[in-house]
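User: Got a model here that I'd like to talk through. Can you take me through the fold?

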Amino acid sequence: QNADLQRRLSDCENAKPTATSAVQPSHFVQFDHNSSYMSRTEVDRLKAFVQSVRGSKLALVAEASTPGADGYNQQLSERRLVRVVEALVREGFDKVDLHPQTAIGERNGKPAAEGRRVTIKVEKQVTTM
């Protein structure tokens with residue numbers, strides 16, 4: 001029985017890992033209704049996220065919720081995007097590592113808080129050795 005357990009352990013240690021889809025971390029910065037300013041809480045959350053992805057390449061998508069005129073919501077999402085990019089640059093990111101940057105206004109049709117955000121996705125994570 002001990003030999004069988006040793007063989008199984010050896011098989012597990014020598015087995016090649018199977019390919020799994022890597023889940024890239026993401027984060028969103030939430031904004032108040034009709035605002036492009038980040039709350040202190042959101043700034044702190046963003047700083048914590050940045051610590052875990054420093055050196056990575058990030059993609060950003062800014063949104064606005066559906067209440068309001070299309071043109072205004074587009075401009076609001078653009079202002080939100082600028083604020084988040086500025087914050088990331090202050091935290092040490094190079095602007096070339098923050099691409100693509102897209103402001104979509106209310107295009108996704110989210111009527112409430114889930115539409116008032118900038119979503120940040122890690123496009124390429126840099127590994128350090």
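User: In what sense do β2 and β4 pair, and over how many bridges?

Analyst: β2 and β4 pair in the antiparallel sense over six bridges; two strands count as paired if DSSP finds at least two bridges between them. One partner pair is Leu60 with Ile120 in β4. This is a predicted model, where local features need pLDDT of at least 70 and side-chain atom pairs count only at pLDDT 80 or more, while totals for chains, interfaces and linings use all residues. Residues are numbered from 1 along each chain as its sequence is written, and side-chain values use heavy atoms, with hydrogens and water left out.

User: And how do β2 and β3 pair?

Analyst: Strand β2 (residues 57–62) and β3 are parallel, over four bridges. Leu58 stands opposite Leu98 in β3, and Ala62 has Ala103 in β3 as its bridge partner. Strands and helices here are DSSP runs numbered from the N terminus: E of at least two residues for strands, H or I of at least four for helices.

User: What's the strand order in the sheet?

Analyst: The order is β1-β4-β2-β3, an open sheet of four strands with mixed pairing. β1 (26–30) and β3 (98–103) are the edge strands, each pairing on one side only.

User: Which strands does α3 touch?

Analyst: Helix α3 (residues 70–90) packs on the sheet and touches β1, β2, β3 and β4, where contact means heavy atoms within 4.5 Å. Its direction makes about 155 degrees with that of β3; axes are lines fitted to C-alpha atoms, for helices over the stretch in contact, and angles run from 0 to 180 degrees between N-to-C directions.

User: Which residues of α3 are buried?

Analyst: Among them are Leu76, Arg80, Leu81, Val84 and Leu88. Buried means under 20% relative accessible area, with exposed over 50% and partly exposed in between (1.4 Å probe, protein chains only). The cover over the buried residues of α3 includes β1, α2, β2, β3 and β4.

User: Switching to Glu42: buried or exposed?

Analyst: Glu42 has 9% relative accessibility, so it counts as buried. Glu42 sits in helix α2 (residues 40–53). Leaving out residues up to four places away in sequence, Glu42 touches Phe28, Val29 and Gln30.
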